[in-house]
Amino acid sequence: MAFNSVQYAILLMVVFALYRVMKRREQNLLLLAASYLFYGFWDWRFLSLLWISTIVDFVVGKRMGASDDPVVRKRLLITSMAVNLGILGFFKYFGFFAESAGELLAGLGLEADFATLRIVLPVGISFYTFQTMSYTIDIYRREIQPTNNLLGFAVFVAFFPQLVAGPIERAKHLLPQFLTDRPKVAASELGSGLLLIFVGLFKKVVIADALAPYVQEAFDAAGTAGWMQLLVAVYAFSLQIYGDFSGYSSIARGSARLLGIDLMVNFNQPYLSRNITHFWRTWHISLSTWLRDYLYIPLGGSRGMAVATQRNLMITMLLGGLWHGAAWTFVVWGGLHGLYLAVHRRFRHRSPKSEMDPPTWRDVPAIVATFHLVALSWVFFRADSFTQAWDVLVGILGFRAADGIPFAGLALLVPAALAALFIDLVQRRTGRHDGFVTIPAFARGVVYGAFFMAIVLFSGQEVVPFLYFQF
Amino acid sequence: MRRSLIVGFLVVVVLLEGAARLLAPHIPGQLVWDTQFTQDKADQIAAAGEVDMVFVGSSVVNAGIDPGLVAANSRFDSGYNSAIPSTTPSTWKIWMRDLVYPDLCPSVVVIGISVRDYNDRNVGIPFDLTSYLPSAGRLELYGQFTSGSLERQIGRYSAFVRIRSRLRQPEKVARFLVTGRVPGWPPTVLTPEGRYTGWDNNAFVDPSPEGIEELTTKVFVDFSVGGAEDLAVRSIIEDAQSLGDQVVIVRMPTMNEELAPLLPDGQGDLDRFERQLEKLGANYDVPVIVYPDMDDDKSLFGDLYHMNLDGTTEFSTRLGRDLDRVVASSQNSQCGTRPANPDFATRP
């Protein structure tokens, strides 16, 4: 059930209507039922994986909280990690590693008959396993107390607005919201939630889905397309993935807000970043902070020598790439970002500004340069294979001859880019993701009218699945 | 404050709707059927009324038979070329039941078949049943409600909704407004009798390496006759005969000498195809018309199987005379009715 489907609109409306007249326990039951229904729409069989993660981490959390024995606590943590990473590893990476090992041995002239199973990837598995793992790790670190409320915990794991593509929430932020009474949602919060859904829908339908066919066509013809067509396609994909994923996150946050639940910000105008470090503090924030807290810092973070820090960055980003998908193209994507971050870390002291200082007009060249570094990495992220990525890069950098200026792509790319930039600038200036509420009423009406008509224009086409559902 | 917001919203909606209303008469409407060809033909059939003859087939017939010329050279008054490009008999059978028999009520059905249309293992037909069966135009023909139905209902009141599928391609809209021509957009250059004129002025063009590869690896791959496509032609004949229509099979002329090397068994496959048509004719007591002297005459073709204007003129003239000869004069045909349980499923 995709967010941009009629089924989701009906589900959300029914849940919202019932939720308003229920007490907390009943609300949690409703949210759990809705979440399982939402997930079961893809494949009800994989609900069992969700239940395994839920039960294992609930029990592990309770026992860990009840024990002061470091050995017992460590064993329990390992149990949780083994179950969650075992599920993730089997369903997401088994085929990849078996195939890669087979290819490696074949390259050495050895016949290897790996029985590679055709394993279906359960939707959202990377998201909810990371979310539940953070719960047990935080208990192990004594940063949070375990909960005794199985219902609340089950909703925390399966909460439908963020179940299949995040944000990857932390227990300390989301779980308490299911364990305590929630105040009735104020009208302003409802308006804000609806606005987040509206803007998210615009980003998904008008920016991402409108560009998707052009990107597909260009990448399919990577070996023959001209350099301008490929360049426009790379820019278009950069916008497509941003519109798609930040649009999803916005709809998730808006849906949750209608129910009085606050989800963390997952995107903060990442393409307005002045450097790559800033980019990673504003792009897929829930994943980058997860990787920082549970991987980069335990590896040593930036506490050691410069070389060690750069190694830690590289390991973190390589694994971050692999988190996205079981393919070497994702590993290269992560490796590129690891390289960018390591190089930036080496030279960032030369900049008079902190990477988190708000950008100004004088930062435009740096913003453009950062965007292009990110866009380069998206080539590997989007490509089906190294060959395709290579064809795209050779086509662009070799100025492969083309039929002419790709007006069809530009006619979609330019308005989409301006719309994305407009939304980002409003959010940046107001400091709010629902920043449109602060602009004068007439202008706001004009913006809403334009967004509405654009959604009407691009909706009703073949539904393009959210890109991050595959992860 | 709320009033200002609503006014601002409505200003944009009204402005964009107004712009769409200005633009709508100058660009084509929404595609309802699976291709522009089926849509244009469905529109023509709806407006045509009853005709004496219909011609059914693929693009080979679509380009190669001029119903006006056939009528002018026969005793029949009117005809319609209902052939659809990139299809095989499996689609023709359903297309005939959907629109041709019920709306055109022909008394003569001419089935034009080329070797390209008849391979049961053909995997090179891009638009065939998979897209035709569940197309919105067809679903609505049978009273099925689709999301497209709702869109068209709203489109009756809103030009913006009505032309939105075109507006999603702003570059094509601009090109259409400036040049009047966009590939794949109407007009598809059909005559009022349904014939495609796109090949008319073509001198013979040798097939490209890609075209040859498509023929050998898809269209003619594992060439086999006597299976599903043959059954579909039999159904067309039986449907027509059950309505009292006269049926004629025409083996369409093609560049056989150049096609033979592309078939797995060469001339043997061409012979097998021709024998199968003769067998069909004998089984159903249907005349089979063949003009072997037109095969392989490059001056009559635009490519290996599509006739140009010279070919179409000669072929249609001769066909008209021969129809006069082979079709019995007394007929008692009736209109068809649409099937009660049409198939809407997509096919793999």
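Here are some questions and answers about a predicted model with chains A and B.

Residues are numbered from 1 along each chain as its sequence is written, and chains are lettered from A, ligands from 1, in the order in which they are written. Because the model is predicted, local features need pLDDT of at least 70 and side-chain atom pairs count only at pLDDT 80 or more, while totals for chains, interfaces and linings use all residues.

Q: How many helices and strands are there in chain A?
A: Helices (H or I, at least four residues) and strands (E, at least two) are DSSP runs, numbered from the N terminus. By that count, chain A has 17 helices and zero strands.

Q: What does the secondary structure of chain B come to?
A: The C-alpha trace of chain B spans about 80 × 50 × 40 Å along its principal axes. Its secondary structure comes to 16 helices and five strands.

Q: What radius of gyration does chain A have, beside that of a compact globule?
A: The radius of gyration is taken over C-alpha atoms, and the globule rule is 2.2 Å times the number of residues to the power 0.38. For 471 residues that puts a compact globule near 23 Å, and chain A agrees with it. The value for chain A is 23 Å.

Q: Which domains does the assignment give for chain A, and how far apart are their C-alpha centres?
A: Domain bounds come from an automatic or database domain assignment. In chain A it gives domain 1 (6-182) and domain 2 (188-470). Their C-alpha centres lie apart by 25 Å.

Q: How many residues of domain 1 of chain A are in contact with domain 2 of chain A, and which elements give two or more?
A: Two residues are in contact if their C-beta atoms, placed from the backbone, lie within 7 Å. On that basis 23 residues of domain 1 of chain A meet 23 residues of domain 2 of chain A. The elements giving two or more residues on the domain 1 side are helices H1 (6-20), H4 (70-107), H5 (125-140) and H7 (171-179) of chain A.

Q: Which residues is A:Ala233 in contact with, leaving aside its neighbours within four places in sequence?
A: A:Ala233 is among the core members that touch the most others. Its contacts beyond those neighbours are A:Tyr214, A:Val215, A:Ala218, A:Phe219 and A:Gly409.

Q: Which helix gives the most to the side of chain A that touches chain B?
A: The contact takes 18 residues from chain A and 21 residues from chain B. Helix H16 (407-430) and helix H17 (441-458) of chain A each supply at least two residues of the chain A side. With 13 residues, the one that gives the most is H17(A).

Q: How do the residues of that side of chain A divide by class?
A: Ala, Val, Leu, Ile, Met, Phe, Trp, Tyr, Cys and Pro count as nonpolar, Asp, Glu, Lys and Arg as charged, and the others, Gly among them, as polar. The division is 14 nonpolar, three polar and one charged.

Methods:
Core = buried A, V, L, I, M, F, W, Y, C linked by C-beta atoms within 7 Å. Buried ≥ 20, exposed ≤ 12 C-beta atoms within 10 Å, placed from the backbone.
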